[in-house]
Amino acid sequence: MAKNLSYRHILKYTGVFGGIQAINVLSSVLRNKAAAILIDRYGQGISELFNSTINLVSSATTLIIPVAIVRKISFLFEKLGPNSVSVVHTVKVIRSWSVLTGIIGTLLVMLSCPLLSRVTCDSHEFTKSYFFLSPMLLMLSVNGTEVAILKATRRLKQLVTASFIGSISTLIICVVSYYFWSIRGVVISLNASLFVVTMLNIKYSTRFFPYKVSPFCKKILLQGKSLIKLSVSFMLAALIAALSETLIRTYISQSGSIENVGLYAAGFALTVTYTRFIFNAMDADYYPHLAGICSDKVLMNTAVNKQITVCVQLIVPCLLLFVLFLPEVITLFYTYKYLEIVPMVICGTIYMFCKAVITPIAYVALAKADSKMYLVIESISAIILGTSVVVGYECYSLTGCGIGLSFSNLVDAIIIYTVYYKRYNIRMRKNTMFVLICQFLILVIGICAISFCKEYSLKLTIVLLAILSSVILSVLSLYKKINS
C-alpha cells in the first residue's frame, strides 16, 4: 500500500486522469463556444439554473451517496476480493437503493415543477421544462452509483474510457440540440447527454457485476440501513453545498439578471472546472487508497502531505499560464461578450490554490467515515462560500464574486487545517510547508504582474519567470522525492 501511495504513483494517475480531463476541457470549451454562439448568455443562464436546481433536488433525495458506496465496496474489495459474495450482494443492495431514490426524485420534480420555476426564475415560464427534466433525477442517481462502483473496485481503465466517450457524446448532443432547437434544446441536451453517460457507465460496470436490482423488496432495502446511516450526514453536506450554489445563482438572477447568471457560470467554470484535472485522480485513486490506510496515522499523514505537494506544484504553473492568456482564452471558449468576467477569474485564482491544499486534507474525514465532522465542516464552508459570493456580488458585481470565491476558500483552508490538526493529528511537514509557501508567493507575484503591469513586455517577462521558477522548483522537489 505504501508503494501505491508513492510520488511516482500519484504523478502517474494524475497524468492519466489529467489527460482525460484535458479532453473533457476541450469538449467543454467547444460546448461552451457553441452555447455562447447559439443560445447566448441568456440560454447559458437558464441552463445553469436548471442544472443547479436538479442537482439540489438530487442531493436531497439520494440516500446512499457515492462517497459511502466507494468506502464500503473498497473495504470489501480489499479484504475479500472482487468476486466475493459480499461484494456482489452489496452492489445489488446499493443499486436497488439508487433506483428507488431516483424514482422518488423524479416524482418529486414532476409534482413541484411549478414551484421550482417560480422560485428559480420568478415566473411559471419554465414549468414544462422542469417537468421534462425530471428523468434526470433517476439517471443522476443510477450514474453516481455506477461510477462509485468502478472507482471502488479500481476499474480505472473502464472509468477513463467511459469518461472519454461520454465527453465526446455530450459535445455532439449539445451542439446538435442548440443548433436545431436553440434555448429549447437546453432541456433536450441535458437529458440526452446524461442518458448516454449513464448507459456508458452501466455498460462497463455490468461487465464485472451483472445489473440486478430489487428497488421494492423490503428485505433487500433493509440491508442498506448501515450505508444510509453513513450517508445521511454526507447527503446533508451535499444538499447544503448544492443549496448554496442554487441560492447564489438565484440571487444573481433576481438581483441582476439571468444573463449575469450565465456570466457568473462562465467565470466559475473558468476558475474551477478547467483546472479540475489536478483533482480528478484524487476522486478515482487517492480517496479509495486513503480509506484503506486511514487507521494508520503515519501512513495517512504521509499520503496527505504527498498529495498536497503534488497538487500545489502542478496547479501553480497551470494557473499562471491560464491567467496570462485569459482574454484570449475567454474569446476562444466563449465570445468577446464575455470579456467582462476577466477580473472575476483573476480574483478567483487564489480559490483554486487553496483548493489544492484543502482537498487532500478534506478527504480524511471521508476516509474515516467521520460523517458528523464532515457535515459540520462542509456546512460551514457552504455558508462562507454563499455569503462571500453574494456580498461580493452586491459590492463589486461579478468581480466581487471572484473575490468572494478566493476569500471563502482562504478562510476554509484555515478552518479545515486547524480542525483536522486537532482531531486527526494531520500535520504539514516542513518540506510540504516550504513548497506551499514558495509556490504561493510565485503565484501572487505572477497575478500582481498580470493585474497591475501596464507594459505588456514587462508583464510577460515577470509571468514567464514566475512560471519557470515554479516549474524548476517542482521538478527539483519531485525528482528528489521520487528517487529518494
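Asp370 counts as buried in this predicted model, because its relative accessibility of 14% falls under the 20% limit for that class. Its salt-bridge partner is Arg423, and the closest N and O atoms of the two side chains are 2.6 Å apart. The pair links distant parts of the chain, 53 residues apart: Asp370 sits in the loop between α16 (349-367) and α17, while Arg423 belongs to helix α17 itself.

Side chains of opposite charge can pair when their charged atoms come close. By the distance rule applied here, the count comes to 3 salt bridges. One of them brings together the side chains of Glu146 and Arg95, with an N to O distance of 2.9 Å. Because Glu146 lies in helix α6 (residues 135-152) and Arg95 in helix α4 (residues 85-121), this pair ties together parts that are 51 residues apart in sequence. Are Glu146 and Arg95 buried or exposed? Both residues are buried.

Another salt bridge is formed by Arg249 and Glu245, whose closest N and O atoms are 2.1 Å apart. Here the two partners share helix α10 (residues 225-255), and because they are 4 residues apart, about one helical turn separates them. Arg249 and Glu245 are both buried.

Ser397 is found in helix α17, which covers residues 371-424. Although Ser397 is not a glycine, its phi is positive, at about 55 degrees. How exposed is Ser397, in terms of relative accessible area? The figure is 37%, so the residue is partly exposed; for that class the value must lie between 20% and 50%.

Asn425 is found in the loop between α17 and α18 (430-452). Asn425, too, is a residue other than glycine with a positive phi, in this case near 65 degrees. With a relative accessible area of 32%, Asn425 is partly exposed.

Returning to helix α17, this element holds Ser397 with its positive phi as well as Arg423, the partner of Asp370 in the salt bridge described at the outset.

Notes. Residues numbered from 1 in each chain as written. Predicted model: local features only at pLDDT ≥ 70, side-chain atom pairs only at ≥ 80, totals over all residues. Heavy atoms only, no water. Helix = DSSP H or I, 4+ residues; strand = E, 2+ residues; numbered from the N terminus. Buried < 20%, exposed > 50% of the residue type's maximum accessible area, 1.4 Å probe, protein only. Salt bridge = Lys/Arg side-chain N within 4 Å of Asp/Glu carboxyl O.
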